[in-house]
Amino acid sequence: MSYRFLVASYTDAIYTIEFDIATKSLKATQKLTVGFHPSWISRHPSDPSLVFTGLEQEDGRLLTLKYANDSGKLEVIGDVSSGGSSPCHILVTEDQLFVANYSSGTVGIFDIQKDSKGSSVAVKPSQAPLQFTGTGPHPRQDGSHPHQVVLYESARIPNHREVLVPDLGTDLVYRITKNDKGIWEKTDEFTFEFDRGGGPRHLVVQDDKLYTLLELSNHMTAHEIASPQEIAEALKHKDEEDYDDEDAKAYHLRSSYPTFLTPHPKADPPQLAAELLSSVVDPDDTFPYSYLYVSNRNNPLPEGDIITVMNIVSPASLVTSLSIIEERPTGLKHLRGMIFFGPGEKYLIAGGQDGGGVKVFEKIRLGKDLKEIAHLPAEGEEGGMRPTGFLCYESK
């Protein structure tokens with residue numbers, strides 16, 4: 001058994017690498033030149049041959065690619081405007097696609113149109129891009145900077161569906177829902193008044209809890225999410241004697257915690273949190289608990305950047321309470337992209353944008369730690385792969 005990865009990068013290409021489980025080895029196999037900084041890569045949820053990437057340039061582009069799993073061949077079959085500048089993240093649903101455009105403060109929304117045989121694909125704007133505005137106290141918060149687009153379907157509320165957008169520039173997470181006319185619009189937002197200047201970068205939702213990674217302050221936050229229906233229900237009791245204003249808020253802060261224990265006082269450029277993953281609970285109890293895994297960039301020490309493993313509940317009370325379990329040095333420089341793969345999400349692949357190449361780690365100690373098992377060195381600090389994101393396919 002082996003796995004094939006499509007690798008997004010800070011070069012002009014998408015790379016293909018393979019990991020052989022038996023030999024614990026990584027090798028580069030192909031390269032497709034597509035344009036400036038294809039830094040994020042996503043695929044269609046039911047048609048894995050459909051792949052999408054964005055070119056992080058002023059006139060942002062959204063590319064559609066066709067992937068052949070038997071040969072590993074990748075080709076560009078579509079190219080449209082991303083609806084803004086510097087597209088940095090893409091969410092693909094069954095029939096629509098959302099693009100976070102970092103520099104322009106917009107989210108482009110597109111329809112995915114396929115013919116009956118699936119041989120022809122067209123990506124077309126379904127509405128005008130959503131435009132966000134605002135600033136924050138940090139020098140990098142000079143305007144709106146959407147950094148991710150995440151689909152959230154509530155486990156408590158039937159048929160509840162919304163899109164969450166963390167905005168690094170405004171210290172907000174936007175809640176996007178469809179109105180009665182089928183148009184996506186901003187209906188609410190989560191604020192971070194307790195950590196202004198934190199810069200929400202990426203988030204995950206698990207069991208109706210929102211975990212947000214603040215890039216600029218290197219903090220993780222945990223909130224209980226209330227749906228719009230629950231807020232409306234709470235407001236019905238506003239005139240009652242035991243009414244609590246907290247019940248009518250979109251979220252309740254439960255915990256905030258640093259993403260690493262000891263910041264380096266001379267880090268230049270500054271240390272920055274980057275990627276956030278949540279692990280699944282494996283049914284066979286190989287990994288019986290869910291943890292958060294955070295990549296932290298720009299550690300100036302020789303050990304390289306670290307991946308922090310965080311606990312998300314207090315064992316004593318089973319309530320949301322963040323804490324650090326382990327800090328695992330990786331030897332990677334500017335660790336940005338990483339994903340889980342394999343049975344029970346047993347493995348993690350990560351790359352150093354500015355050095356160290358690509359590495360595969362295996363989860364150990366029931367998921368509380370990571371062990372390096374494979375390494376593909378960089379081809380040189382400036383001329384190498386410069387990986388920023390990964391897509392995984394099984395390749396027997």
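**Aromatic rings and the charges over them**

R43 lies over the face of Y393, at 4.6 Å from the ring centre, where a charge counts as sitting over a ring if NZ of Lys or CZ of Arg is within 6 Å of the ring centre and within 35 degrees of the ring normal. This is a predicted model, in which local features need pLDDT of at least 70 and side-chain atom pairs count only at pLDDT 80 or more, while totals for chains, interfaces and linings use all residues. Residues are numbered from 1 along each chain as its sequence is written, and side-chain values use heavy atoms, with hydrogens and water left out.

**Charge over a ring**
- The charged end of K363 is placed over the ring of F287, 4.3 Å from its centre.

**Aromatic pairs**
- Rings of Phe, Tyr and Trp (its six-membered ring) pair if their centres lie within 6.5 Å, with planes under 30 degrees apart counted as stacked, over 60 as edge-to-face and the rest as tilted; by this rule there are 10 aromatic pairs.
- One of them is the edge-to-face pair of F98 and W184, with 5.2 Å from centre to centre and 85° between the planes.
- Because F98 lies in strand 9 (residues 96–101) and W184 in strand 16 (residues 184–191), this pair ties together parts that are 86 residues apart in sequence, strands being DSSP runs of E with at least two residues, numbered from the N terminus.
- Both F98 and W184 are buried, meaning under 20% relative accessible area (1.4 Å probe, protein chains only).
- The ring centres of Y293 and F340 are 5.0 Å apart and their planes stand at 85°, so this pair is edge-to-face.

**Aromatic cluster**
- Y3, F5, F19, F341 and Y347 together make up one aromatic cluster.

Notes:
Helix = DSSP H or I, 4+ residues; strand = E, 2+ residues; numbered from the N terminus. Buried < 20%, exposed > 50% of the residue type's maximum accessible area, 1.4 Å probe, protein only.
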